[in-house]
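I opened the model to look up some side chains, the cores and a pocket. My entries follow in the order I made them.

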Amino acid sequence: MPHSTHIIIRSDDIDSNGHVRGSQYLNYAVHARWSALAQAGLSVRKLAAAGFGPVELDVSIKYRRELMLGDEIDVETRFEYPSPKIVKVVQSTIRRSDGTVAAEVTSLTGLMNLTERKLVDNAAAVWRRFLREPSIIDLPLTEQR
C-alpha cells in the first residue's frame with residue numbers, strides 16, 4: 001500500500017501560466033518521500049552519524065494534468081528494491097477533488113557510505129537498521145532470500 005502525503009497548492013507553487021511550475025512537482029515528491037521515511041521512524045541525524053546518506057541517481061517526471069492554486073493533492077509513494085544497491089521510488093500526484101493523476105515521478109536512489117564515498121552493497125539491510133516501521137516504505141521486516 002503506498003504511503004500518502006496530503007499537500008495544498010500554495011501561491012508560491014504557481015508559475016506565470018497560473019498552474020504549478022514543473023520543478024515544484026519534484027519538491028512535492030521529495031517532501032512525500034521524506035514524510036514516508038519519517039513516519040517509518042528514520043532519524044536523519046542517526047543515519048548521518050552512522051556515516052550514511054541517501055543519494056538520488058536518476059529522476060524522471062511525467063506531467064499528466066494541470067494543478068492550480070488551492071488544489072489539494074495526495075502524493076502516493078511506493079518504494080521498490082530492484083537490486084541490492086538501488087531503491088526505486090514511484091510517486092503519483094493525485095488531485096483529491098476528482099482522482100486525476102497530475103504527475104508521476106520515478107526516482108532511483110542509493111544509500112552512500114559517506115566515508116568511502118560509494119553506494120552501500122545492500123541498501124535495504126542498512127535502511128532496516130534505522131527504521132521502526134520498515135513496512136511503511138515497503139521494506140520487508142526481514143531479508144528475503
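**Asp-74.** I started here: Asp-74 is buried, with a relative accessible area of 15%. I use buried for under 20% relative accessible area, exposed for over 50%, and partly exposed for in between (1.4 Å probe, protein chains only). Asp-74 sits in strand E3. Strands (E, at least two residues) and helices (H or I, at least four) are DSSP runs numbered from the N terminus.

I noted the ground rules next. The model is predicted, so local features need pLDDT of at least 70 and side-chain atom pairs count only at pLDDT 80 or more, while totals for chains, interfaces and linings use all residues. Residues are numbered from 1 along each chain as its sequence is written, and side-chain values use heavy atoms, with hydrogens and water left out.

What does the side chain of Asp-74 join in a polar contact? It is the side chain of Arg-96, at 3.0 Å. A polar contact is a pair of N or O atoms within 3.5 Å; within protein, one must be able to donate a hydrogen and the other to accept it, and residues adjacent in sequence count only if both atoms are side-chain atoms. I then listed contacts, meaning heavy atoms within 4.5 Å. Leaving aside neighbours within four places in sequence, Asp-74 is in contact with Ser-4, Thr-5, His-6, Ser-92, Thr-93, Ile-94 and Arg-96.

**His-19.** I found His-19 in the loop between strand E1 (3–8) and H1. Its side chain makes a polar contact of 2.8 Å with that of Glu-66. Beyond four places in sequence, His-19 touches Asp-13, Ile-14, Glu-66, Leu-67 and Met-68.

**Positive phi.** I checked two residues. Arg-117 is not a glycine, yet has a positive phi of about 60°. It lies in the loop between strand E5 (101–113) and strand E6 (118–119). Arg-117 counts as exposed, at 55% relative accessibility. Asp-138 also has a positive phi, near 60°. Asp-138 lies in the segment after H3 and is partly exposed, at 25%.

**Cores.** I count as a nonpolar core a set of buried Ala, Val, Leu, Ile, Met, Phe, Trp, Tyr and Cys residues joined through side-chain atoms within 4.5 Å. The largest has 20 residues. Those with the most contacts inside it are Leu-42, Leu-47, Phe-52, Leu-111, Trp-127, Leu-131 and Ile-137. Which element gives the most to this core? It is H3, with 4 residues. Another core, of 11 residues, lies apart from it; Ile-7, Tyr-25, Leu-67 and Ala-102 are among them.

I followed up Leu-131. Not counting residues up to four places away, Leu-131 touches Leu-37, Ala-40, Leu-42, Ile-137 and Leu-139.

**Second largest pocket.** I noted about 160 Å³ of space here. A pocket is an open set of points on a 1 Å grid over the protein atoms alone where a 1.4 Å probe fits, with protein on both sides within 12 Å along at least five of seven lines; lining residues have an atom within 4 Å of a point. Points are joined across faces, edges and corners, and the volume is the space filled by probe spheres set on them. Of the 13 lining residues, the closest to the centre are Arg-33, Leu-37, Pro-54, Thr-109 and Trp-127.
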